Amino acid sequence: MKACLPSSVVASAQSHPLTLGGVLKPWLWELWLLLMGSGLNVNPLPHEEDVDFINEYVTLHNELRGSVFPEGSNLRFMTWDVALSRTARAWGKKCTNQRNTHLNKGHESHPVFSDIGENMWIGPEQEFATNIAIKTWHEERKSYNFHNDTCFGEDCSHYVQLVWDSSYKVGCAVTPCSRIGNIKDAALFICNYAPGGTMTRRPYQAGEFCTRCRSDDKCTDLLCSNAERDQATYYQFWYPRWEVPRPLVCDPLCLFIFLLRIACFVLCVIIVLIMQSQFPDILAEKQMISEIKIFSAEEEKESNEEEEEEDEG
């Protein structure tokens with residue numbers, strides 16, 4: 001006997017037919033869990049030349065520099081520098097917590113500036129956020145005594161560099177690393193600054209904001225800005241020489257040599273075609289001359305053999 005279903009169940013089944021979406025949703029959910037469990041990063045770390053990434057950390061730097069206490073009278077407005085970000089990326093590839101050893105060696109870290117500053121943040125990749133990393137450096141202000149120019153407790157060098165008055169260029173990069181120290185699947189966030197700061201004096205001069213800006217500066221967001229100084233320069237062909245692996249870059253000299261080789265090749269082809277058109281039988285003549293020489297050599301050899309046979313007879 002067949003069991004009879006209640007009419008309400010039948011009506012419900014008829015009013016909610018099985019759809020493709022209803023079947024796919026559980027599968028999509030399981031796929032999501034599988035991807036998360038396999039460690040696939042669904043939110044990849046930003047590229048060093050990503051515009052949103054750049055705007056975020058440059059804006060945050062200027063906000064924090066414009067809110068220092070005591071107030072700073074001569075802090076400069078910061079803008080992005082591509083060479084500094086490439087240096088940060090190049091050192092980040094090493095996945096080390098050590099300071100970049102190339103920062104103060106001539107122009108190994110920048111084509112113009114020779115003294116470069118550096119701040120570094122290391123943490124789990126899944127926990128990385130630009131604002132969290134930079135605000136971690138800013139929190140070191142609690143360990144810094146501005147009036148005595150001393151740092152007590154924990155390190156406060158990151159904060160000093162963050163608010164260093166003469167620094168006006170910044171470039172950052174974040175790199176994924178399989179392990180740094182005890183941190184597995186780490187993110188290494190590095191910001192480079194030019195000119196770099198030191199711990200030899202107070203990071204800025206206290207006083208009302210913008211009161212010690214240069215005569216040709218203007219006050220922007222409580223910081224000293226200058227249109228000429230803050231202009232962005234894109235160093236198209238510059239990359240750190242010590243970067244491994246080094247990006248393939250063809251500078252003007254490289255491009256000139258490449259085009260010169262192509263021109264020489266084309267010229268050789270044209271000369272060959274002209275020679276063939278003017279002297280169509282030149283190859284045949286060369287072949288005939290070669291055959292004549294071979295034939296003469298064979299005749300001479302045969303005559304020598306005959307003479308030897310006659311001498312023996």
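Q: Buried means under 20% relative accessible area. In this predicted model, is phenylalanine 53 buried or exposed?
A: Phenylalanine 53 counts as buried, and tyrosine 57 is buried too.

Q: How do I read a pair of aromatic rings?
A: Two values describe such a pair: the distance of the centres and the angle of the planes. Searching the whole structure gives 10 aromatic pairs. One of them joins phenylalanine 53 and tyrosine 57, with 5.1 Å centre to centre and 70° between the planes. Planes over 60 degrees apart count as edge-to-face, so this pair is edge-to-face.

Q: Why are phenylalanine 53 and tyrosine 57 separated by about one helical turn?
A: Because they are 4 residues apart in helix H3 (residues 51–65).

Q: Which geometry do the rings of tryptophan 91 and tryptophan 242 have?
A: Their centres are 6.0 Å apart and their planes stand at 75°, so this pair is edge-to-face. It links distant parts of the chain, 151 residues apart: tryptophan 91 is in helix H4 (residues 82–92), while tryptophan 242 is in the loop between strand E8 (223–225) and helix H7 (252–278). Both tryptophan 91 and tryptophan 242 are buried.

Q: Which residues form one aromatic cluster?
A: Look for Phe53, Tyr57, Trp121, Phe128, Trp137 and Phe189.

Q: Where does the charged end of arginine 202 sit?
A: You will find it over the ring of phenylalanine 146, 5.8 Å from the ring's centre.

Technical notes
Residues are numbered from 1 along each chain as its sequence is written. This is a predicted model: local features need pLDDT of at least 70, side-chain atom pairs count only at pLDDT 80 or more; totals for chains, interfaces and linings use all residues. Side-chain values use heavy atoms; hydrogens and water are left out. Rings of Phe, Tyr and Trp (its six-membered ring) pair if their centres lie within 6.5 Å; planes under 30 degrees apart count as stacked, over 60 as edge-to-face and the rest as tilted. Helices (H or I, at least four residues) and strands (E, at least two) are DSSP runs, numbered from the N terminus. Buried means under 20% relative accessible area, exposed over 50%, partly exposed in between (1.4 Å probe, protein chains only). A charge sits over a ring if NZ of Lys or CZ of Arg is within 6 Å of the ring centre and within 35 degrees of the ring normal.
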